[in-house]
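Subject: A structure for you to look at

Hello,

Here is the structure I promised to pass on. Please open it first, and then read my notes below.

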Number of protein chains: 2
Amino acid sequence: MNIQNISKEIKKYISDNQWLLFEEGYTGDENLELESKFCLASGLMSLRASHFEGTVRKTLPANYMHGVFDKDRAFQRELVNLPNWNILKIFYKTIPMGLEVAKEIENYTRILDMKKGMVYKSYIETSFDGRKTKIESIHFLSRELQDTGIFRVYVTPLNYSGQIEFENTIDASITNFIDFPRFRVKHYNVKNISMNEENILYVNSETKDFKLPITTASKIYIYTENGEEIEKIHQDKSYGEYGVDFFDLNIEEGKTYIIEKRTVIKNGLNIDNPEKEALEKIKKLESETFDELVDAHVEEYEKLWNRADIVIKGDEKVQKAIRFNIFHLMSTPNPKSNDTNIGAKLMHGEEYGGHAFWDTELFILPYFINVFPEVAKNLVEYRYKKIEGAYKNAMKFGYTGARYPWESADTGEEECPDWTIEPDGTCYKCTVAQEEIHVTADIVYGGYNYYKMTNDKDYFKKFLLILYETSRYWLSRLEYSKEKDIYELTGVTGPDEWHENVRNNFYTNYIVKWVLELANRIFTNQSNDDLVKEFILNKNVEDKMIRDFHEVSSKIKIKNTKGLIEQFEGYFDLIDYEIYEWDKNNMPILPKEIKGIKRDLTTINKQADVVMAHFIFFDKFDLETKQINYDYYEKRTLHRSSLSPSIFSLMGLKLGFTENAEDYFKRSLFVDFDNNQGNTREGIHAASCGGTWQALVYGFAGLEFKEGKLHFTPRLPKSWELLEFSLVFKNKLNKIKINNEKVDIYEEELC
Amino acid sequence: MNIQNISKEIKKYISDNQWLLFEEGYTGDENLELESKFCLASGLMSLRASHFEGTVRKTLPANYMHGVFDKDRAFQRELVNLPNWNILKIFYKTIPMGLEVAKEIENYTRILDMKKGMVYKSYIETSFDGRKTKIESIHFLSRELQDTGIFRVYVTPLNYSGQIEFENTIDASITNFIDFPRFRVKHYNVKNISMNEENILYVNSETKDFKLPITTASKIYIYTENGEEIEKIHQDKSYGEYGVDFFDLNIEEGKTYIIEKRTVIKNGLNIDNPEKEALEKIKKLESETFDELVDAHVEEYEKLWNRADIVIKGDEKVQKAIRFNIFHLMSTPNPKSNDTNIGAKLMHGEEYGGHAFWDTELFILPYFINVFPEVAKNLVEYRYKKIEGAYKNAMKFGYTGARYPWESADTGEEECPDWTIEPDGTCYKCTVAQEEIHVTADIVYGGYNYYKMTNDKDYFKKFLLILYETSRYWLSRLEYSKEKDIYELTGVTGPDEWHENVRNNFYTNYIVKWVLELANRIFTNQSNDDLVKEFILNKNVEDKMIRDFHEVSSKIKIKNTKGLIEQFEGYFDLIDYEIYEWDKNNMPILPKEIKGIKRDLTTINKQADVVMAHFIFFDKFDLETKQINYDYYEKRTLHRSSLSPSIFSLMGLKLGFTENAEDYFKRSLFVDFDNNQGNTREGIHAASCGGTWQALVYGFAGLEFKEGKLHFTPRLPKSWELLEFSLVFKNKLNKIKINNEKVDIYEEELC
């Protein structure tokens, strides 16, 4: 993997190799996967790395924007695939140029530069009529501007001169699931397409359901290799749903021509006139050169990496992969708004519609709390802002208080459908939204974690409402057994989705019990806290209710908290299997004997609820109990959720089962880096990114918070010579260096 | 070239090899050319042979309908490329199938069956995941129904079973010049896209300028290889400007599945509710099986070939090529309407926008007069129906009477623009419409020819108006020189477009003189003809006007009619060059010395006006004069018009210059068969088809009409053992057989 064939004009931007991901040689086979892996995100919008030239092999060109959701005939509100601006068509005498229309492609290299959040591409195409053209590009979504995407195309005719023609295109025919005919749906109407007198091409569209206006505006600038601007006549050749700015260029053999496309996208979520603002912004940016825009963008990424970078010496692949996970995770959430959250696949693909799951609170949030607490604040406040949806959701099921949805988009109502369609068109009833109620407790757990770490009083006021209303929900949801004088939860599904509709799932019961206890504790201690006092007064919270929180919590059925713990009532009565085969990555293989037996009749798990509970309530269980359960459930867990291996890695490290910890870690680390679950094309596994970080920091570095201080118990893999990372703690940036001999902590001011 | 790899289900339809054109092995390189060559036409509409699977290599999918023109931002009204119904997308687990998305394509064969007006295709695609699928198809536009296109796709999974998905698509995003970004223009708006409860998918659109409504309606039928219908759920997955009917199919290894798509297109030219009629027609057709529809279609083609077929024994290529010319020519014009004419590229491509030129009257009409006089009637009556446009055109230039446009579409007004744009974007002033006025006389010549051959009194009434009004135009257009007492035509261009804006072009002056003489003769003989009498009465035609026709005609400047004739005033003063090099096809090469000299300063011609005049007024010139001029102009004519070689072939044969006659003939015959002008992608050269037929019948067979009888003076090339063809003459079908020994004529009843 080298960059020697890339022109110097592009080479000058490229970071050191350790920051780069390569695609070498174009086959088209991995388009979808690479579109996710090389996807860019600005904190406001994202751009999958489809090819601007257009391809006929499978592709899913997509660009999304935080908060722009729509349902129409889909079965849920999902992030809208907005008009595709990542297109510049090039023709020589009407013959299209590009990757899949050429006779031969040589020296193809595409690079994701994680340090700078940029993508470079370079290749030489030989056309069927023998012309050789070097085509190169640079893409970035400005981290400084957030709503602006810029790409440059460098065209160098190697053995001919002549006129080439361009179509700067905004394709407003694009749909969601463009590569998946059965699910394809168009989430916006095109209102009008135009090019103004300043040659700004723009498409006004609006979402189908809420009629949210969106403007996608682009302008082209052309330069010689010396940076001199070339003025050309631009013609509005838009037709139907395609915005097209047509122009031509006479090119000379051996010279390089630079086409720069700047695109601004504005939507009506927070502004009145997206069209006006988009056009004005493009104009305003004219005073800034490409390099100035790059510099401002890179400066923002430098700030991010100053906090976020993790250095691992001794294993180059692990080093690159950890940066890969961090790059995508940190680039995605909106640092400036608490209106939106993080989708389970980030904004990097269409799976799960950009919805927030419990993944946010349990897998992703710890990362942001400890590295970007200002982003964590937005994530936890998002739940507060969506509490109206949670009220509706509780009512829908006949309960009081706030019941958070399993899948959350812009309205905060449940997006997880009751019926869903398989890729082959068969329908099945999906009970997840109804049964996987632990999410409502997970949200309290996550919010409380944030508050504990930050002591953010502003958020605490909001947290009180979440805690109170979700506790009220649990009071109405818990089922009282007069006979046994206990509270139960039946008809639930725990994190292990292979066992649905169970009774008294340990994870769920335990966390609900904890929530109610927390509510009791916080609201009882009102006299000590003005915020609580004020809340109780405003809400007219009755003492009885506060006592009920404790009363009910104490009676929630927990069979045992010591020794082997049953995942749910009746789990131990299932047909018991243990895993006895592992694949080449040391990941478990489903016992052959199970074939033909319904999975939920066996003890084999997708992920282990009891281990998860032990992880998040680590101090509440004795070591032996945790070890017994880890050992038992490890033998029965297939890790078919990308959330599972990271937990087994770090719990293994903490409990002394270190043998598999590195394999589990790599399983999580490489989920998308190596596409080891085979579905990276659908987006980047956000929870896995967060879980990987937790395994690294809590597991290998052994971070604990003891007596208000950072404390480390390193357990680095042998091959690692050094581990460096940073944590924000008590408003300082703590730079941690761990090697086999010692742990160094340097405190810096936070900027 | 064989058909052995094609499945028996398709093989059964295929005619004998001598009727077939083959494409073997898919490269994509020749897509555009083959789309023209394999284009189908029903007499009402046409379908270029683009691939239903979709391709990324250059392609110009198009379907046109007689009379559906639009201008919008094009520079002329042109045939509208209607929503593309020739699409059926096939997916296996969302992976597209087809020619350019496969890893490998084997046994690719595509066949144009000229006998039946059908196109077959067969190949095996190997996907990147190793699946092998045989994909085959049959296309035809029903000659019986005219407004109905049908294609079947045969899918056979060779090494797998599973579910495949289909998108029956009507692509209403298609534009004209879809392959030519600079000229691309969309000529219709999409009104609505829908699928009704009977699973008929339809798109309602309307042309941009005249708001002519058009409905494109399609329905899918699925069959097993045994012909049993498979009922499937169809889902309307339309989005934006794409009508999409989505369905899936579980297929088993080794079995063949047949997807049949029937499409009906209706426009508002002659009906009130195209949507209603299209939907009803599709429903009505349900009572007919595919084979019944094929049979009815083939029966119509049998009737056509019964009159049209030409048999040449001794040269297989010539045999096939002559059928190729005839096939496209006879398939195109509308036998049921005189509202439309024949475009210079038939309806097989976008060049010249489907406009009628003088090509119709001088090159194409003789064919139809002698083979399909009922079609010839429509062609000549078209000019009558468009006379309002000719009035306007005369007025526009400040003249009286009727001045026909150089390019004629639906309004009959001039479509040839004053300014036109080169492929590289440069503009140039185009004076053809202004100067090439001979077309107005050519139309009279053609119409009179038709009348003479058919004695069609119904048409004669209409002809009188054309004759009268165009003669009035000439009276106002001709320039009187008091000094010399002659009438002149300056600022004209003859058929030889390499010499524009000339004085007293021989061809033009001669034919105008003839028209006025004819007008004088016909209107003077009023007493003998009630139709003329009635016309004169109704029109108030003054005697003076009739006398003027003669008076002016007699004074039109014709320098000489014997000996060497000057193409136009001053032609003999130009720098004189003679051709001295010929290419491998024995076609002349531009003398090297001319390089750098403006072509119009030399005597080198694109085509020879004097020879053309001698051809159409053969009996008016003595043999020696014709020989002298043929000899002189042959040495100076480059035949850069596809109209030229056929004239040189047949005139050579008639004048005894037989040496090059066969080469000229083949040049004309193979224009599109071999793409020997390199522009077959733009459509089929209609005039060349007609000229080829004239060279064959007037030249090689030596047809003359003498004393009311057919008379032949055969001059067959040595390699031809037999020439057979048919002529309609005096309401009988005359079957002519010519071999070296004799000419046989069999008279049959016309059916």
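**Where the chains meet**

Chain A and chain B bury about 3,200 Å² between them, and carbon and sulfur atoms give 53% of that area; buried area is the accessible area (1.4 Å probe) that two parts lose on being put together, summed over both. In chain A, the residues that lose the most area to chain B are A:Pro181, A:Arg182 and A:Tyr239, together 20% of what that side buries.

Before going on, a word on the background. This is a predicted model, in which local features need pLDDT of at least 70 and side-chain atom pairs count only at pLDDT 80 or more, while totals for chains, interfaces and linings use all residues. Residues are numbered from 1 along each chain as its sequence is written, chains are lettered from A and ligands numbered from 1 in the order in which they are written, and side-chain values use heavy atoms, with hydrogens and water left out.

Back to the interface: 37 residues of chain A are in contact with 37 residues of chain B (heavy atoms within 4.5 Å). The count of salt bridges between the two chains is 6, where a salt bridge is a side-chain nitrogen of Lys or Arg within 4 Å of a carboxyl oxygen of Asp or Glu. A:Arg184 and B:Glu167 form a salt bridge through their side chains, at 2.5 Å from N to O.

By class, the side of chain A that touches chain B has 13 nonpolar, 7 polar and 17 charged residues (Ala, Val, Leu, Ile, Met, Phe, Trp, Tyr, Cys and Pro are nonpolar, Asp, Glu, Lys and Arg charged, and the others, Gly among them, polar).

**Sheets in chain A**

Chain A has an open sheet of 9 antiparallel strands in the order E1-E9-E10-E11-E12-E19-E16-E15-E14. Strands (E, at least two residues) and helices (H or I, at least four) are DSSP runs, numbered from the N terminus, and two strands pair if DSSP finds at least two bridges between them. At the edges are strand E1 (20-24) and strand E14 (188-195), each pairing on one side only. Within this chain, strand E10 (residues 118-126) and strand E11 (residues 132-141) pair in the antiparallel sense over 9 bridges, and A:Lys121 stands opposite A:Ser137 in E11.

Another open sheet has 3 strands in the order E2-E3-E4, also with antiparallel pairing. Strand E2 (40-41) and strand E4 (63-65) each have a single partner strand, so one side of each is left without a neighbour in the sheet. Strand E3 (residues 45-47) pairs with E4 over 3 bridges, and A:Leu47 has A:Asn63 as its bridge partner in E4.

**Salt bridges overall**

The structure holds 126 salt bridges over all chains. One of them joins the side chains of A:Arg57 and A:Asp29 (2.6 Å, N to O). A:Arg57 lies in the loop between E3 and E4 and A:Asp29 in the loop between E1 and helix H2 (31-37), so the pair ties together parts that are 28 residues apart in sequence.

Best wishes
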